[in-house]
Amino acid sequence: MSLSKVFRNERLTYKLNIVANRAISENDSIFVRETGLNIRELRVLRLVDDTPGITFVDVSEVTSLERTLTSRIIQKLIRDGFLVRENSKEDARKFGLHTTEAGKKARAKGRLVSDRLERLLIQPLSAEEEATLNTLLNKLGAWVASKDYRDLLSAE
């Protein structure tokens with residue numbers, strides 16, 4: 001593996017985007033083959049399973065997926081029997097999403113595939129480098145989600 005000029009641009013956001021897009025693109029067909037669901041569908045399924053009753057709007061915001069794509073994913077997961085929608089007891093106009101037993105099984109299978117493929121992704125990193133990467137990504141993630149960051153951007 002050559003480390004010379006992996007990226008055509010040196011900007012951090014570009015590099016993060018390229019790494020994420022390449023990893024998703026290369027792994028997606030494996031997830032579909034082994035679980036019947038692509039990576040984004042599994043992400044939504046995991047989120048709903050971790051947050052029973054979550055709304056469509058919250059799924060879209062948390063996953064940072066475009067609303068139309070989020071809607072298509074949710075409809076597919078409902079149609080395929082992985083999710084169900086239930087009307088809110090407080091507001092009949094709202095509905096919450098819940099995982100079915102089939103959804104829980106698909107999620108568990110997806111987790112095994114994800115664990116295996118993530119080990120391959122981080123293979124060139126030492127344990128210390130992996131820990132450092134995770135620490136730095138958590139720090140950046142918290143920063144870009146913060147009000148302080150948004151305030152600085154609005155001042156630009």
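**Figure 1. Ser 64 counts as exposed, with a relative accessibility of 66%.** In this predicted model, Ser 64 is placed in the loop between helix H3 (56–63) and H4. The phi angle of Ser 64 lies near 60 degrees, a positive value in a residue other than glycine.

**Figure 2. Gly 81 lies in the loop between H4 and E1.** Gly 81 has a relative accessible area of 29% and is therefore partly exposed. When residues up to four places away in sequence are not counted, Gly 81 touches Thr 100, Ala 102 and Gly 103. Ala 142 is 61 residues from Gly 81 in sequence, and the C-alpha to C-alpha separation of the two in space is 34 Å.

**Figure 3. Helix H2 (residues 39–50) packs against helix H4 (residues 67–79).** Two packed helices are described by the angle between their axes and by the distance between those axes. For H2 and H4 the angle is about 75 degrees, and the axes are 10 Å apart. The two helices are therefore roughly perpendicular to each other. On the H2 side, the contact is formed by Arg 40, Glu 41, Val 44 and Leu 45, which meet Leu 69, Ile 73, Ile 74, Lys 76 and Leu 77 of H4. By class, the residues of this contact comprise six nonpolar, no polar and three charged.

Figure 4. Two or more lining residues are given by each of helix H1 (12–35), H2, helix H5 (101–121) and helix H6 (127–144). The greatest contribution to the lining of the largest pocket is made by H1, with 14 residues. Sorted by class, the lining of the largest pocket holds 25 nonpolar, eight polar and seven charged residues.

**Figure 5. The second largest pocket has a volume of about 190 Å³.** The residues that line the second largest pocket are Gly 53, Thr 55, Glu 86, Asn 87, Ser 88, Lys 89, Glu 90, Lys 94, Phe 95, Gly 96 and His 98. Strand E1 (83–87) and strand E2 (95–99) each supply at least two residues of this lining. E2 provides the largest share of the lining of the second largest pocket, namely three residues. By class, the lining of the second largest pocket has one nonpolar, six polar and four charged residues.

Figure 6. Along the sequence, the secondary-structure elements of the protein chain follow the pattern α-α-α-α-β-β-α-α-α. The C-alpha trace spans about 55 × 45 × 25 Å along its principal axes. Of the 156 residues in the protein chain, 28% are buried. Among contacts between residues at least 6 apart in sequence, 46% join residues at least 24 apart.

Definitions and conventions: Residues are numbered from 1 along each chain as its sequence is written. This is a predicted model: local features need pLDDT of at least 70, side-chain atom pairs count only at pLDDT 80 or more; totals for chains, interfaces and linings use all residues. Side-chain values use heavy atoms; hydrogens and water are left out. Axes are lines fitted to C-alpha atoms, for helices over the stretch in contact, and angles run from 0 to 180 degrees between N-to-C directions. Helices (H or I, at least four residues) and strands (E, at least two) are DSSP runs, numbered from the N terminus. Angles under 35 degrees count as roughly parallel, over 145 as roughly antiparallel, 65 to 115 as roughly perpendicular and the rest as oblique. Contact means heavy atoms within 4.5 Å. Ala, Val, Leu, Ile, Met, Phe, Trp, Tyr, Cys and Pro count as nonpolar, Asp, Glu, Lys and Arg as charged, and the others, Gly among them, as polar. On a 1 Å grid over the protein atoms alone, a cavity is a set of points where a 1.4 Å probe fits but cannot get out, and a pocket is an open set with protein on both sides within 12 Å along at least five of seven lines; lining residues have an atom within 4 Å of a point. Grid points are joined across faces, edges and corners, and a volume is the space filled by probe spheres set on the points. Buried means under 20% relative accessible area, exposed over 50%, partly exposed in between (1.4 Å probe, protein chains only).
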